[in-house]
Amino acid sequence: MGRRYKRLIGDIVDWDNLMEAYRLARRGKRDRQEIVRFEARLWEELGALQMEMLWGTYHPGRYRSFIVYEPKCREILAAPFRDRVAQHAICNVCGPIWDKGMIFDTYACRPGKGTHCGADRVEAWARGMAASGPVWVLKMDVSKYFFSISHRLARSVVRDKISCPETLRILDSIIASSAAAGDRDPVGVPVGNLTSQWIANLVGNRIDQWAKREMGLRRYIRYMDDMVVLVRDKHTALALRDAFADKLASLGLRFSKASVLPLDRGINFLGYRIWPHKRLLRPDSVRRMRRRLRQMEWEYAHGLIGLSDVRQRISSWLAHAGHANADTIKRMVLSKAVFTRREIEGSGQRPGEQNAAGFKIQN
């Protein structure tokens, strides 16, 4: 287990750390009324939060619930801004400690990692192994990952490295904040919480440590609830699938998918289909982008978004597609999208057009 850290609360409630947490929590959202009100009383709000966290009287507020539909339908619980500041303050201090205890090849929500680094790693492994023999791929997804983590397990994993009583009291209150009244063994951590991302990663770290230390897997990688193992033969891959199923069951988790396929079928991971010498976009990524473009065309036509919003959203997808052999797909998808303003009745203005492929205005 290694070293456990205590006496962290002083660093968490340090004024400079709280100010940095406030800046991180407001990033990209400064125009929201909740944040404007908080900023108007910044010193009073941070001072009260500091005292509550220090003296053990801090309690999270009520969540705001909403549904998102991409990449799949999920309920998001958004904490009040004040609580998001508190979570950033905790993760500013505890995050580096938790990160230090993780294996190299886990890529979600960690500095210097991310989807593109993870895809590069898998492609490099595939290329190296394919040069010297057959390769089989075990690809695993955990079913309803965040919603399947018990609060008992969440409290346990944060204690693997943290022993500061005041810090653990705050973390326990955040974990318990989504429990239904009267539920004696609650399950599920809110998807929208910053602390939930770390808790989910720490639960995954239990699997990572087992895979590396007990199973001795050299080419194992995880991105949150998606795991990939590369081995030499099908029999080994099938045996590992059963072993992983047992390990997940011991944590109260189970597979949503667990496939065993030869490398020449490609590796579906992090939005790509990966082979030793090429990488393609997954079809569902292309379908989602086409849906987004249609939605953006409608929003732009009705004046709900501007060209800067369109450019930002398209650029994000282009950055993802830029890490694949996808030039033809990019042209096919973007060339069909044309952004046209509806003519304002009585204004005499002609509606301009903007093509997504080149953003060239056509009058």
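1. S285 sits in helix α12, residues 283–301 (helices are DSSP runs of H or I with at least four residues, strands are E runs of at least two, both numbered from the N terminus).

2. The model is predicted, with local features requiring pLDDT of at least 70, side-chain atom pairs pLDDT 80 or more, and totals for chains, interfaces and linings using all residues. Residues are numbered from 1 along each chain as its sequence is written, and side-chain values use heavy atoms, leaving out hydrogens and water.

3. Not counting residues up to four places away in sequence, S285 touches G271, W317 and H320 (contact: heavy atoms within 4.5 Å). H235 and S285 lie 50 residues apart in sequence and 32 Å apart in space, C-alpha to C-alpha.

4. The largest nonpolar core contains 73 residues, and I12 and F244 have the most contacts inside it (a core is a set of buried Ala, Val, Leu, Ile, Met, Phe, Trp, Tyr and Cys residues joined through side-chain atoms within 4.5 Å). Helix α5 gives this core its largest share, ten residues. A second, separate core of 35 residues includes A119, Y272, I274 and I314.

5. Beyond its neighbours within four places in sequence, F244 is in contact with residues including L138, M140, I207, W210 and F255.

Terms used. Buried < 20%, exposed > 50% of the residue type's maximum accessible area, 1.4 Å probe, protein only.
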